[in-house]
Every structure is written in C-alpha cells, then in structure tokens.
Amino acid sequence: MTPDNDKRRWRAGLLGLALSAAALSAHADTRGEAAASPQSPARTQVEGQTQAPPQESATADKRIALSNNYAGNAWRQQMLAAWQAQTAPAVKTGVVAAADAFTIGENQPTDQAAQIQNLILQGYDAIVIDAASTTALNGAVQEACDAGVVVVSFDGIVTAPCAWKIVNDFHAWGREQVDYMAKRFPDGANLLEVRGLPGTFVDDDLHQGIVDELKHYPKLHIVSSVEGDWAQDVTQQAVAGVLPSLPHIDGVLNQGGEAYGVAQAFRASQREMPVIIFSNAQDELAWWAEQHRKNGYQSIAISNAPGIAVVAFWVAQRILAGEDVPKQLTVPLYHIRQDQLSEVLAHTPKGSVADQIFTRADVEKLIQQTRKAAAPGTEAAAAPAKASAATPAPAQEPKP
C-alpha cells in the first residue's frame with residue numbers, strides 16, 4: 001500500500017533529532033548531472049499480459065530519489081543518463097513530482113548511508129539505491145523503511161529484507177561465457193579468467209558461474225586468473241604480468257569493462273589474439289568490429305544494461321501507487337551477437353556503453369511475469385521469473 005505521508009514525515013522528524021548537524025554537513029551530497037541518454041538499438045521485451053497501470057494521480061505528489069555510490073566509469077555515467085532521460089518525462093507529465101539523482105563523492109558505504117539518511121530527512125517517498133555494499137547500508141535502509149520510505153535496490157543490491165531488489169543473473173553470465181567457449185573449442189581450450197573487484201557479490205557470483213559450468217566441459221581449462229577490477233588499465237597490467245609464464249591461450253573470460261585491456265596486453269606481447277568475450281563498452285565493441293573487418297574475428301558480448309536503473313524507478317513508482325510488487329525481479333542480461341554489432345555501435349557514442357531501453361510497459365510485463373511464475377501450482381513457482389532475452393529492437397521513447 002502507499003506509505004502514509006504524515007506517519008513517514010513524523011518518523012523522519014524523530015530521525016532528524018538523532019542526527020547531529022555536524023554529521024549531516026560532513027556528508028554533503030552531490031547531485032548527479034546526466035546528459036540525455038543516447039538512443040539504443042535494444043529494447044527489453046518480456047512475455048505475459050500487462051496489468052492496467054495504477055492511476056497516474058496516485059503518485060503525482062510523490063518524490064523519488066536515486067542514491068548512487070559511484071560515477072567514475074562509462075557504465076555509471078550511462079546509468080545516470082538513462083535515469084534522467086526516462087524519468088524527466090515522468091516528472092514533466094505529472095506521474096511523479098520529482099526523480100532526483102544524487103551521487104556521493106567517494107565509493108564509501110559510510111558516505112552513502114549518511115546520504116540515505118539525508119534523503120529521508122528531505123522527505124522523499126522512495127529511494128532507489130545502487131549500493132556501495134550489500135550489507136553495510138542495511139542500517140540506513142532499515143531506517144528508511146521504518147520511516148515509511150519505499151527502498152528499491154539495483155545493480156549493487158542490499159540484503160535488507162524490507163528493500164525491493166532488481167537483479168541480474170550474474171551466475172548465468174559466467175555460465176554463458178563457458179558455454180560459448182565450449183562451442184568455439186569443442187576439442188578443448190586453455191582459458192584465462194579476468195575477475196572483477198574482489199569481495200563484491202558480482203565478482204563472486206560470476207566466477208562461481210564459470211566454475212560450475214566448467215564441470216560440464218572437462219576439455220576446457222582455466223590456466224590462470226587475474227584481477228582486473230573492472231578497469232582496462234588494471235586489466236592490461238595484470239594480464240601483461242602473467243602472459244610470459246602462460247601456455248597458448250585460446251580464450252579469455254571477462255566480467256565487463258576489461259576486454260580492451262586484455263586485447264592491448266596480448267597485442268603488446270605479440271602473442272596470437274585469443275577469443276575474448278566482450279561487454280557493452282564502446283571502445284571494446286569498436287575494437288571487436290575493427291578486427292572482424294580485418295580478419296573475420298568473431299565473438300559475443302554479454303553485459304548488464306545500465307538501463308536497469310529505470311526498471312528500479314518504475315518499480316518504486318508502482319509500489320507508491322499501491323501495487324503489490326514482488327520483492328525481487330530478475331532483469332535479463334544484455335547480449336550482442338556478431339550480426340548485431342554494427343547496429344549497436346551505430347547508436348553507441350564514443351566513450352559510452354551500449355544500453356537497453358526499459359519502458360514502463362516493459363516493467364509492467366516483468367512484474368506480471370514474475371507474479372505469474374511465483375503463483376502456487378506453476379512450474380516456475382520455485383524460482384524467480386526472468387524476462388526472456390529478446391533480439392534487440394529499435395528503441396522506443398517512454399510514454400509515462
């Protein structure tokens with residue numbers, strides 16, 4: 001049900017008395033400035049019947065905030081751009097009163113916890129969170145929930161039970177990479193694994209997916225694993241450091257944002273270029289396209305779309321409108337096949353990342369599909385529903 005505003009603001013006022021002015025000033029927020037989102041050639045499609053949306057007037061006075069823990073790479077910049085491009089029309093047409101984005105200066109859970117507390121005090125009805133930690137923010141999240149604020153986490157999710165969670169299946173990401181290598185190298189292959197940021201659930205889940213799927217392919221062997229921190233420069237240095245001691249490498253498994261660094265390290269070593277699985281960064285997609293033109297180089301790209309932030313926004317809006325939304329929704333991974341590469345690149349500005357457009361209609365269908373899958377008596381009731389990954393279609397403008 002829609003949170004009671006009076007009750008929420010009364011509780012928020014009590015919270016304000018507990019926070020010192022010094023603590024608040026020490027954690028000043030910076031508002032995320034985002035340019036308009038570039039049009040994407042991809043649009044999420046999901047099956048199922050669309051439920052009639054709640055009356056727009058139900059959330060016309062509601063304010064939603066985005067709490068973002070980091071904006072220092074192209075994925076985060078595109079995430080903020082997608083948020084702005086999709087939420088601005090919703091504000092303009094009166095679906096919600098505000099959809100403000102805030103980014104902390106450093107990727108520190110303590111700073112983001114203080115930011116969330118500030119947003120409670122400022123009277124936001126819902127807070128959408130890309131979290132710096134799965135657990136360290138749980139206290140602040142619970143404070144928000146206790147004050148009647150709807151909390152929806154995505155990408156970097158929180159484990160607080162009161163929060164809704166919009167997730168990608170990172171375990172499947174790892175499995176799909178191994179499956180692709182098995183198809184490319186049926187007689188066996190030596191693989192190099194580039195892991196992400198140590199200690200994060202994304203890195204853990206993706207790596208575990210790789211480990212689990214390798215059990216089905218005994219001819220595939222990971223001969224080395226390095227930490228790339230989801231950064232090209234770190235990856236290039238790490239890969240260059242281990243290459244002299246490695247045998248021939250047939251393929252490289254990545255987590256996103258490292259592929260170009262891998263290619264640079266192999267090129268500098270003058271070793272044969274392996275099959276590298278890409279993500280959605282424009283520079284690595286451009287390199288892939290160039291190699292394909294030169295020598296027929298082929299691969300695939302798997303990633304999580306920055307537009308998942310928009311899914312979280314519409315989920316928050318529907319909760320505020322009184323809809324009973326499942327506590328967890330799984331958004332499909334973003335795939336780029338070889339025959340889609342040219343079209344995707346044509347819509348992806350230099351220095352950016354390819355993205356998927358998620359409209360309110362997409363989110364409505366995903367909610368319906370998840371609810372249907374979880375209903376008693378259905379075969380999928382034991383697991384969360386996942387929207388099917390569809391062939392990219394031309395992007396459509398949101399219609400709030």
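Buried means under 20% relative accessible area, exposed means over 50%, and partly exposed lies in between (1.4 Å probe, protein chains only). The legends below describe a predicted model, in which local features need pLDDT of at least 70, side-chain atom pairs count only at pLDDT 80 or more, and totals for chains, interfaces and linings use all residues. Residues are numbered from 1 along each chain as its sequence is written, and side-chain values use heavy atoms, with hydrogens and water left out.

**View 1. Aspartate 155 has a positive phi of about 60 degrees although it is not a glycine.** Most residues other than glycine have a negative phi. Aspartate 155 sits in the loop between strand 6 and strand 7. Helices (H or I, at least four residues) and strands (E, at least two) are DSSP runs, numbered from the N terminus. Aspartate 155 counts as buried because its relative accessibility is 10%.

**View 2. Tryptophan 230 also has a positive phi of about 60 degrees, and is not a glycine.** Its place is in the loop between strand 9 (220-227) and helix 8 (232-242). Tryptophan 230 has a relative accessible area of 30%, so it is partly exposed.

**View 3. The largest pocket holds about 1000 Å³ of space.** A pocket is an open set of points on a 1 Å grid over the protein atoms alone, where a 1.4 Å probe fits, with protein on both sides within 12 Å along at least five of seven lines; lining residues have an atom within 4 Å of a point. Grid points are joined across faces, edges and corners, and the volume is the space filled by probe spheres set on the points. Of the 42 lining residues, Tyr70, Asn73, Arg76, Asp155 and Trp230 are the closest to the centre. Helix 3 (74-92), helix 6 (170-184), helix 7 (201-214) and helix 10 (282-295) each give two or more residues to the lining. Helix 3 gives the most, with three. The lining divides into 16 nonpolar, 20 polar and six charged residues. Here Ala, Val, Leu, Ile, Met, Phe, Trp, Tyr, Cys and Pro count as nonpolar, Asp, Glu, Lys and Arg as charged, and the others, Gly among them, as polar.

**View 4. One disulfide is present in the structure.** The term covers a pair of cysteine sulfur atoms within 2.5 Å. Cysteine 145 is joined to cysteine 162, with 2.1 Å from S to S. The pair links distant parts of the chain, 17 residues apart: cysteine 145 lies in helix 5 (residues 138-146), and cysteine 162 in the loop between strand 6 (150-154) and strand 7 (164-167). The link is right-handed, with 80 degrees about the S-S bond. Cysteine 145 is buried at 18% relative accessibility. Cysteine 162 is buried too, at 17%.

**View 5. Phenylalanine 170 and tryptophan 173 form a stacked aromatic pair.** Rings of Phe, Tyr and Trp (its six-membered ring) pair if their centres lie within 6.5 Å; planes under 30 degrees apart count as stacked, over 60 as edge-to-face and the rest as tilted. For this pair the centres are 6.0 Å apart, with 25 degrees between the planes. The two residues are three apart in helix 6, so about one helical turn separates them. Both phenylalanine 170 and tryptophan 173 are buried.

**View 6. Phe278, Trp287, Trp288 and Tyr297 form one aromatic cluster.** The whole structure has eight aromatic pairs.
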